[in-house]
Amino acid sequence: MIIDTHCHLDDERYIEDLEEVINRAKEAGVKEFIIPGADPKSLQRAVELSESYEEVYFAVGVHPYDASNYDREFLKKYIEHSKCVAVGECGLDYFRLPKDDEAKSQEKILQKEVFIDQIKLANEYNKPLIVHIREASFDSLQILKEYSKSGGVLHCFNASEILLELVDYGFYYGIGGVLTFKNAKKLVEVLPKIPMDRIIIETDAPYLTPHPYRGKRNEPSYCTLVVQKIAELLDKTVDEIEDITTNNAKRLFSLR
């Protein structure tokens with residue numbers, strides 16, 4: 001059994017064939033799914049999907065790109081829902097900052113404020129975080145060390161070795177299709193340094209489709225490709241990786 005700990009099943013790209021996508025995943029051994037909260041506009045759909053499918057869970061959160069739309073009270077409406085398992089994806093993303101220095105500075109300030117408030121929300125409700133970090137490892141590390149009390153997962157772990165320090169703060173490392181990319185040398189090198197009891201599987205579907213399907217829509221059934229690659233790199237069997245990562249995900253997200 002595999003748990004896809006990060007898949008945007010609320011994305012409009014699944015509206016036409018969601019049932020088939022879920023069935024394909026289950027046939028491949030992917031039995032449970034977590035929809036991260038990224039855009040407040042799609043949160044209601046994520047909630048509805050969790051109520052329609054026993055194996056679907058969701059998180060409440062706002063992606064750093066949507067920091068200007070952050071509304072804590074809106075997230076609190078859903079955080080105590082029985083299928084809400086985390087807060088996020090929240091974090092810092094400096095990849096697309098404005099070129100103007102003043103605008104860049106203001107965007108960083110806003111992202112940090114929204115990130116910190118979501119960490120505090122997770123602490124308040126004792127929920128793990130789903131953390132998005134892109135080109136902001138140092139700032140993210142400092143914020144998480146200072147504010148986080150409930151741990152979480154570094155979604156689509158960026159292979160920054162300084163972030164391995166967060167093992168001591170209750171964090172796990174989400175590994176997805178990027179591991180199969182030809183240019184993923186750094187992640188391949190860092191993977192063995194992650195404790196086995198802190199690795200979980202994700203797709204980030206419909207994004208970051210693994211080899212050999214790059215360029216096509218990603219979907220949870222492709223978790224099997226990630227598991228196979230991890231098994232190959234760590235000299236483990238596929239069954240071992242499935243068991244370890246599933247138990248890790250259940251422990252982190254308090255899944256039965």
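Lys76 is partly exposed, at 25% relative accessibility, and its side chain forms a salt bridge with that of Glu73, with an N to O distance of 3.9 Å. Glu73 is likewise partly exposed, with a relative accessible area of 49%. Both residues belong to helix α3 (residues 72-76), where they lie three residues apart, about one turn of the helix. These values come from a predicted model.

Side chains of opposite charge can pair when their charged atoms come close. A second pair joins Lys186 to Glu161, whose closest N and O atoms are 3.0 Å apart. Because Lys186 lies in helix α6 and Glu161 in the loop between β6 (152-155) and β7 (171-175), this pair ties together parts 25 residues apart in sequence. Lys186 is partly exposed at 39% relative accessibility, and Glu161 is partly exposed at 35%.

Arg24 and Asp17 also meet in a salt bridge, at 4.0 Å from N to O.

The largest pocket holds about 990 Å³ of space. It is lined by 34 residues, of which His63, His132, Arg134, Asp204 and Leu208 are the closest to its centre. Two or more lining residues come from each of β4 (84-93), β5 (129-134) and α6 (185-190). By class, this lining comprises 14 nonpolar, seven polar and 13 charged residues.

The second largest pocket contains about 180 Å³. Its lining includes Tyr57, Lys127 and Phe253, and β4 and α8 (238-253) each give two or more residues to it. That lining divides into seven nonpolar, four polar and one charged residue.

Note on methods. Residues are numbered from 1 along each chain as its sequence is written. This is a predicted model: local features need pLDDT of at least 70, side-chain atom pairs count only at pLDDT 80 or more; totals for chains, interfaces and linings use all residues. Side-chain values use heavy atoms; hydrogens and water are left out. On a 1 Å grid over the protein atoms alone, a cavity is a set of points where a 1.4 Å probe fits but cannot get out, and a pocket is an open set with protein on both sides within 12 Å along at least five of seven lines; lining residues have an atom within 4 Å of a point. Grid points are joined across faces, edges and corners, and a volume is the space filled by probe spheres set on the points. Helices (H or I, at least four residues) and strands (E, at least two) are DSSP runs, numbered from the N terminus. Ala, Val, Leu, Ile, Met, Phe, Trp, Tyr, Cys and Pro count as nonpolar, Asp, Glu, Lys and Arg as charged, and the others, Gly among them, as polar. Buried means under 20% relative accessible area, exposed over 50%, partly exposed in between (1.4 Å probe, protein chains only).
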